[in-house]
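Visitor: Before we start, could you show me the protein that we are going to discuss?
Guide: Here it is.

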Amino acid sequence: MTNGIPSDSFLTKEQSCNLKLLLNMIIPPNKEKGMPGAGELGFVHYVREFASDQIEAIQSELDMLGQESQDQYKSTFADLSQNDREFLVDLLRKKNAQFAQSIVVQTMACYYQDDKVMIALGIEARPPFPKGNEVTSGDLSLLNPVRERKQIYRDV
């Protein structure tokens with residue numbers, strides 16, 4: 001751990017704890033359907049690998065969450081009740097409609113690519129290739145007007 005940041009993460013310990021709670025608020029687990037909560041997946045790893053340009057925004061959003069929790073409740077976000085957490089997030093969204101936008105977008109991208117989620121949704125957990133996806137044949141005669149048109153670009 002360096003400067004309060006776990007070596008495998010770009011977040012402080014408090015940010016990491018708050019993130020997991022927030023992720024499970026965005027997509028809560030559903031045990032009946034076998035769906036994990038978003039906080040149960042490798043969000044930090046996903047962001048580091050596929051969306052590293054969002055790290056600063058995510059850190060900022062989590063800092064905002066932690067600060068608002070201190071301002072409103074004189075407590076950490078993790079120590080609040082579920083109702084107070086929901087109220088606090090709603091309050092932040094009212095103050096700033098863009099609050100947690102980076103986290104939400106990356107949560108959706110991470111969540112719906114996870115093998116556990118795909119299987120729970122009844123979708124084969126595999127890349128679309130090499131098996132490929134079936135593409136239905138279309139009516140290629142629709143391209144005839146384009147084919148008949150003269151060149152509309154300039155050769156370089």
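The questions and answers below go through this model step by step.

Visitor: What average pLDDT does the protein have?
Guide: The model is a predicted one, and pLDDT is the predictor's confidence in each residue, from 0 to 100. Of the residues, 94% score at least 70, and the protein averages a pLDDT of 90.

Visitor: Over which residues is the pLDDT below 50?
Guide: Where pLDDT is low, the predicted coordinates should not be read in detail. The stretch in question has eleven contacts in the model beyond near neighbours in sequence, and its pLDDT is below 50 over residues 1-7.

Visitor: Is H1 roughly parallel or roughly perpendicular to H4?
Guide: Two packed helices are described by the angle between their axes and the distance between the axes. Helix H1, which covers residues 13-26, packs against helix H4, residues 82-95, with the axes 12 Å apart and at an angle of about 85 degrees. Angles of 65 to 115 degrees count as roughly perpendicular, so H1 stands to H4 as roughly perpendicular.

Visitor: How many residues of the contact of H1 with H4 are charged?
Guide: On the side of H1, the residues are Leu21, Leu22 and Met25, and they meet Gln82, Arg85, Glu86 and Val89 in H4. Dividing the residues of this contact by kind gives four nonpolar, one polar and, as the charged ones, two.

Visitor: How many disulfides does the model have?
Guide: A disulfide needs a pair of cysteine sulfur atoms within 2.5 Å. The cysteine sulfur closest to that of Cys17 belongs to Cys110 and lies 18 Å away, which is too far for a bond. By this rule, the count of disulfides is zero.

Visitor: Is Cys110 buried or exposed?
Guide: A residue counts as buried under 20% relative accessible area. While Cys17 has a relative accessible area of 37% and is partly exposed, the value for Cys110 is 9%, so Cys110 is buried.

Visitor: Where is Lys74, a residue other than glycine with a positive phi?
Guide: Most residues other than glycine have a negative phi. The phi of Lys74, however, is near 55 degrees, and at 66% relative accessibility Lys74 counts as exposed. Its place is in the loop between helix H3, residues 55-73, and H4.

Visitor: Is Ala100, which also is not a glycine, buried or exposed?
Guide: Ala100 has a positive phi of about 70 degrees, and its place is in the loop between H4 and helix H5, residues 101-111. The relative accessible area of Ala100 is 5%, and therefore Ala100 is buried.

Technical notes:
Residues are numbered from 1 along each chain as its sequence is written. This is a predicted model: local features need pLDDT of at least 70, side-chain atom pairs count only at pLDDT 80 or more; totals for chains, interfaces and linings use all residues. Side-chain values use heavy atoms; hydrogens and water are left out. Axes are lines fitted to C-alpha atoms, for helices over the stretch in contact, and angles run from 0 to 180 degrees between N-to-C directions. Helices (H or I, at least four residues) and strands (E, at least two) are DSSP runs, numbered from the N terminus. Angles under 35 degrees count as roughly parallel, over 145 as roughly antiparallel, 65 to 115 as roughly perpendicular and the rest as oblique. Contact means heavy atoms within 4.5 Å. Ala, Val, Leu, Ile, Met, Phe, Trp, Tyr, Cys and Pro count as nonpolar, Asp, Glu, Lys and Arg as charged, and the others, Gly among them, as polar. Buried means under 20% relative accessible area, exposed over 50%, partly exposed in between (1.4 Å probe, protein chains only).
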